[in-house]
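Please consult the sequence and model shown here.

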Amino acid sequence: MNNIYVLIIDLMTAKSDLRLNYYSESCPRAEEIIKEQVNKLYHKHGNTAVSWIRNLFHDCMVKSCDASILLDKTKEQTSEKTSQRNFGMRNFKYIETIKEALENECPNIVSCADIVALAARDGIVMLGGPQIEMKTGRWDSKDSYLAEVESFIPNHNDSMSLVLSRFNSVGVDTQGTVALLGAHTVGRVHCVNIVHRLYPTVDPTLDPDFAKYLKTRCPSAEPDPKAVEYARNDHVNPMVWDNLYYKNIMSNKGLLIVDQQLVSDPTTYPFVEKFAANNSYFNDQFAKSFIILSENNPLSGDQGEIRKVCRHVNK
């Protein structure tokens, strides 16, 4: 029995071999290079910082933090990028910019999964959010999980109980889920995901003046998915990381149904109140939940690989 117990512990350790400073010997400047590239890209294309955060959410929620979200569609391979749940995601090409910089420094060492994680961490800081200490050592998947995306990533109009259960399945509790949704304080939402709250009649839970503003951003009940038609999550400070998101939804100024449900659901509203009242508390709780999500079910070396190019599996 003891031998079996030791074997189980060994297998668990092998599967989750994440640690701080994983690349300290194999690629000492790895994290510094990622931070440098995130900084450069942010100053050229400010929206990349938001993209990095969304990448991590959409990658880590589906089975593992394994960069499966980055894989392109090929004759042999489906792509999670084509899922409706991942509608509007962009800037994937700049992940390759970061990867190239790492490959020039230390070839075949740093995983794309760790790039996704560390770029998200550094993107949060660029937007004014908390500094988060993060473990590394993730491996890249050899497969895409398109068929399973909708079973893992909640939709913006799902019930709050379903949203909470999806996050709970990766170890994030109710308070943590409310904190993670606070990432909606930055970035934007395409009109495709908003118009059902505006047309043919305005959702009564929307602030009337805010609804008028949204109609100026989304004037058609049938927006073109390929057009650049969107509204900002926070139209006052759209690219600043703060707790204004919670204050907005308490004033019925949330863009998505899931935002409004945080206020209407009695299990989540107390945390909305706490985060609206205390920005530091929000940042602390976000950081804790972000770490939990970023460490979801990491692959071991025999399960994954270190891709040379993030959008393709190795040949």
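A residue counts as buried under 20% relative accessible area, exposed over 50% and partly exposed in between (1.4 Å probe, protein chains only). By that definition C65 is buried, with a relative accessible area of 1%. The model is predicted, so that local features need pLDDT of at least 70 and side-chain atom pairs pLDDT 80 or more, while totals for chains, interfaces and linings use all residues. Residues are numbered from 1 along each chain as its sequence is written, and side-chain values use heavy atoms, without hydrogens and water.

**Confidence**
- Mean pLDDT (the predictor's confidence in each residue, from 0 to 100) is 93 for the chain, and 95% of residues reach 70 or more.
- Residues 1–15 have pLDDT below 50.
- Where pLDDT is low, predicted coordinates should not be read in detail.

**Disulfides**
- Four disulfides are counted (cysteine sulfur pairs within 2.5 Å).
- With the bonded cysteines numbered in sequence order, the pairing is 1-4, 2-3, 5-8, 6-7.
- C27 and C106 are bonded, with sulfur atoms 1.8 Å apart, and both are buried.
- C60 is joined to C65 at an S to S distance of 2.0 Å; this link is right-handed, with 130° about the S-S bond.
- In the bond of C191 and C218, the sulfur atoms lie 2.1 Å apart; the torsion is about -80°, so this disulfide is left-handed.

**Helix packing**
- Helix α2 (residues 30–44) packs on helix α3 (residues 48–60) at about 125°, with axes 8 Å apart.
- V38, L41 and Y42 of α2 meet T48, A49 and W52 of α3 (heavy atoms within 4.5 Å).

Technical notes:
Axes are lines fitted to C-alpha atoms, for helices over the stretch in contact, and angles run from 0 to 180 degrees between N-to-C directions. Helices (H or I, at least four residues) and strands (E, at least two) are DSSP runs, numbered from the N terminus.
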